[in-house]
Amino acid sequence: MLSKSIEAALNQQIRIEAESSQAYLAMAIWAEVKGLEGISNFMYSQSDEEREHMLKLVKFINERGGHAHVSELKAPSVTFSSYKAMFEKLLEHEIFVSESINELVHISLQEKDYATHNFLQWYVSEQIEEEAMARTILDKVKMIGDDKGGLYLFDRDIQQLTVSSAADNPSA
Ligand code: OFO
């Protein structure tokens, strides 16, 4: 059974995952309108993943005798000064999410809720991966600079990255 404070903290994380999903949806739309199809597909799939992260929390809370909440969400940024600015925002957001997960892990230990602590380990690993991916992408973006040819290839490659990751892991 979840304590009230853990339940509230997990519900707060539901909100953060939902806001992440909306933030990446807004990025997907912005990129699509700009004709950056590969980047857009990548962001659509990131948005779907964040929704999965949210649903995992919903199920966990309900299974453990709590009540998952769907709450009002903060509106995401919908325009970006450049695709580089957009990827900077992505990394910044993932760092914020990692901090939030760390805080949750801390609370679960304080309350000696080892089931929740165990559940959260998946999110800890996921954040390591997502932060690393966001950093790698941003490094590439910085390397490309204003090179239009570089952007063309990057847009093509990031799309392949999405497709090949999906092929590696069809259940994802
Ligand atoms: Fe939910 O994984 Fe990133 O933010």
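1. Start with burial: a residue counts as buried under 20% relative accessible area, as exposed over 50%, and as partly exposed in between, with a 1.4 Å probe and protein chains only. By that scale Lys 84 is partly exposed, at 35%.

2. The model is predicted: local features need pLDDT of at least 70, side-chain atom pairs count only at pLDDT 80 or more, and totals for chains, interfaces and linings use all residues. Residues are numbered from 1 along each chain as its sequence is written, and side-chain values use heavy atoms, with hydrogens and water left out.

3. Salt bridges come next. The rule asks for a side-chain nitrogen of Lys or Arg within 4 Å of a carboxyl oxygen of Asp or Glu. The count is six. In one of them, Lys 84 pairs with Glu 88, and the closest N and O atoms are 3.4 Å apart. The two sit four residues apart in helix 3, about one helical turn. Helices here are DSSP runs (H or I, at least four residues), numbered from the N terminus. Glu 88 is partly exposed, at 31%.

4. Glu 131 and Arg 135 meet at 3.1 Å, N to O. They too are four residues apart, or about one helical turn. Glu 131 is buried at 15%, while Arg 135 is partly exposed at 39%.

5. Trp 30 is buried, at 11%. Phe 80 is buried, also at 11%.

6. Trp 122 and Tyr 123 form another edge-to-face pair, with centres 4.9 Å apart and planes at 80°. Their burial is worth checking on the model. Tyr 123 is buried at 1%; Trp 122 is partly exposed at 34%. Ring pairs join both to Phe 60 and Phe 119 in a cluster.

Definitions and conventions:
Rings of Phe, Tyr and Trp (its six-membered ring) pair if their centres lie within 6.5 Å; planes under 30 degrees apart count as stacked, over 60 as edge-to-face and the rest as tilted.
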